[in-house]
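Hi everyone, and thanks for coming. Today I'd like to walk you through one protein model, step by step. Please have a look at it first.

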Amino acid sequence: MEKFKVIVAEKMDDCGIELLKENCDVTLAIDKSREELLSVIHEYDALIVRSVTKVDAELMDKGTNLKIVGRAGNGIDNIVVPEATKRGIIVCNTPESNTISAGELAIGLMLDGCRDISYADKHLKEGNWNRNNFEGTELFNKTLGIIGLGRIGSIVATRMKAFGMNLIAYDPYIPDSRFERFGCKKVSLDELVEQADIITLHTPKTVETTKMISDSQIEKMKKGVRLVNAARGGLIDEEAAYRGLKSGKIASLGLDVHESEPRKTSPLYEFENVTVTPHIGANTVDAQKNVGKVVAEQVIAGLKGEVVSTAVNLPAINLEELKTIKPFIDLSEKLGKFYFQMEKEKIQKVEISYWGNITKYDTGLVGLSFLKGLLTPIQDSQVNYINAKVITENLGIGFIENSCSDSYNNFSSLIKIKITKNNGEKFTLSGTLAANGEGRIVELNGFEIDVTPYNHILYIKNEDVPGVIGIVGTLVGEAKINVATMHVGRKVKGDKAIMLLNIDNSLSNETLDRFQNNKDIICAQVISL
Ligand code: NAD
């Protein structure tokens with residue numbers, strides 16, 4: 001890999017730095033002022049920040065080589081993402097790095113609430129030994145209500161299942177299969193608050209979720225309900241919680257996040273059955289290591305032109321879905337590489353149609369990957385998943401994507417490309433995945449073929465007459481090039497035919513000229529993938 005230059009502007013874990021150093025030239029600029037950063041940023045391909053460095057239009061204008069900005073952490077308030085997108089700069093973060101830590105803290109608060117651990121600790125350290133003060137409850141056989149069954153909610157679900165809890169969850173934005181997968185009964189918010197013995201919140205803070213636990217919800221809860229919020233401050237109305245605690249309706253409350261932060265005093269702190277922590281959900285050695293490792297991995301992937309799964313200015317895709325869709329992403333990029341290696345005519349429009357099973361997934365990256373493959377041979381600068389669309393638009397190329405869940409010609413999934421050239425002619429190409437997950441090209445300009453897209457493909461268009469295969473074999477042999485596979489296709493007997501040969505090395509122009517000089521060969525080209 002070309003040695004890319006990375007500047008790290010804020011503190012990150014050593015394991016991430018080490019990983020970066022294995023792949024790139026790394027400059028640690030932890031104490032640099034903004035002015036200093038502005039004066040050197042043009043030298044770097046990647047910038048890594050936490051929450052302090054302002055990555056705005058001014059910095060990005062100066063960072064003329066910047067390809068990716070990595071945020072070691074979650075929130076991206078300090079990065080002006082639309083400005084990055086405009087410039088084709090990938091912005092990525094590490095959203096999953098602290099999910100286990102946050103989930104485990106929520107579970108800690110739950111256990112603390114049920115067994116008065118913090119209160120008992122305080123009680124004893126103050127010189128008391130009154131065991132009768134403490135009568136907790138078990139988690140076993142109790143109903144846990146999870147609000148928000150995303151990354152952290154599901155981590156809590158899997159772990160609390162092991163405690164023998166009955167799980168119910170409310171999340172209106174996920175498919176039913178997710179409830180099944182995490183062993184949660186899908187319920188409405190009203191049902192959840194009515195049935196749960198313990199309620200834990202794991203949603204983002206939105207207009208809908210702000211104070212979603214209010215007086216009216218608390219009123220519907222079981223007497224002795226226990227509440228935990230380690231998501232975002234203000235999901236529980238703190239004044240309503242105060243009233244619930246005062247009346248005895250709420251048996252315990254655990255908060256890692258607060259309506260306003262830092263929050264050193266609160267009327268809630270008068271209750272012994274309230275446990276509070278100063279927003280420490282992500283504060284574990286492991287989470288910080290993860291953050292460093294993941295941001296480094298993502299930045300390296302971005303610099304190599306690979307998929308950056310945590311990019312925030314790309315179609316969102318989760319890691320599981322990425323595993324399924326990745327072979328299609330790879331195939332699509334290879335399909336993209338064909339056109340400009342075979343044709344010189346400008347493009348008017350690109351149309352990609354997705355058929356069959358592939359349409360169950362988000363195909364956004366598949367389309368971008370095609371454009372990346374298409375444009376790479378004709379662009380000086382690096383084409384990536386972010387700037388591919390912008391470059392396509394700048395070239396005046398129309399881009400349309402269609403989906404149809406039906407299968408096409410018995411292919412369980414098919415990516416069908418139709419390129420309209422400026423002269424109105426069409427170029428078509430289709431690819432699928434074989435049963436073993438390998439990409440296959442199954443159609444080229446209306447000819448049915450079956451070719452594995454790897455290394456170099458020799459494409460021959462010829463008259464459908466006897467003897468051409470022998471001539472091609474001889475010429476490739478004389479060029480001392482090994483042929484791995486060979487496929488022939490024709491539409492009508494005796495008309496035109498095509499041949500595609502997987503060859504181990506590319507061919508020189510002289511050899512290609514020898515093909516072209518044969519009267520039965522219409523054209524011969526090598527497509528390198
Ligand atoms: P996520 O995006 O993976 O999951 C959030 C879930 O909430 C999604 O499934 C979404 O559909 C659901 N949701 C959205 N609106 C909803 C609504 N109105 N009602 C019910 N469900 C709704 O997020 P995550 O990574 O699991 O994080 C959850 C929360 O935890 C976030 O607010 C995050 O900021 C917070 N967090 C806190 C800490 C901490 O230090 N305490 C650390 C990490 C994350």
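Let's start with salt bridges: a search of the whole structure finds 25 of them, where a salt bridge is a side-chain nitrogen of Lys or Arg within 4 Å of a carboxyl oxygen of Asp or Glu. Before we go on, a word on the source: this is a predicted model, in which local features need pLDDT of at least 70 and side-chain atom pairs count only at pLDDT 80 or more, while totals for chains, interfaces and linings use all residues. Residues are numbered from 1 along each chain as its sequence is written, and side-chain values use heavy atoms, leaving out hydrogens and water.

Now, which residue forms a salt bridge with Arg87? That partner is Asp61, and the closest N and O atoms are 2.7 Å apart. Arg87 sits in the loop between helix H4 (81-86) and strand E5 (90-92), and Asp61 in helix H3 (residues 57-62), so the pair ties together parts 26 residues apart in sequence. Helices (H or I, at least four residues) and strands (E, at least two) are DSSP runs, numbered from the N terminus.

Next come Lys421 and Glu343, whose side chains meet in a salt bridge at 2.9 Å, N to O. Here Lys421 belongs to strand E15 (residues 413-421) and Glu343 to the loop between H13 and strand E13 (347-356), so this pair ties together parts that are 78 residues apart in sequence. Are these two buried or exposed? Lys421 is buried, with a relative accessible area of 6%, and Glu343 is buried too, at 17%. Buried means under 20% relative accessible area, exposed over 50%, and partly exposed in between, using a 1.4 Å probe and protein chains only.

Let's move to the inside. The largest nonpolar core has 69 residues, and Leu20, Phe370 and Leu444 are among those with the most contacts inside it. Such a core is a set of buried Ala, Val, Leu, Ile, Met, Phe, Trp, Tyr and Cys residues joined through side-chain atoms within 4.5 Å. Helix H13 (residues 319-342) gives the largest share of this core, 10 residues. Apart from it lies another core of 28 residues, including Ala196 and Phe271. In soluble globular proteins, nonpolar side chains tend to be buried together.

Glu448 counts as exposed because its relative accessibility is 65%. Glu448 and Ile498 are 50 residues apart in sequence, yet 9.5 Å apart in space, C-alpha to C-alpha.
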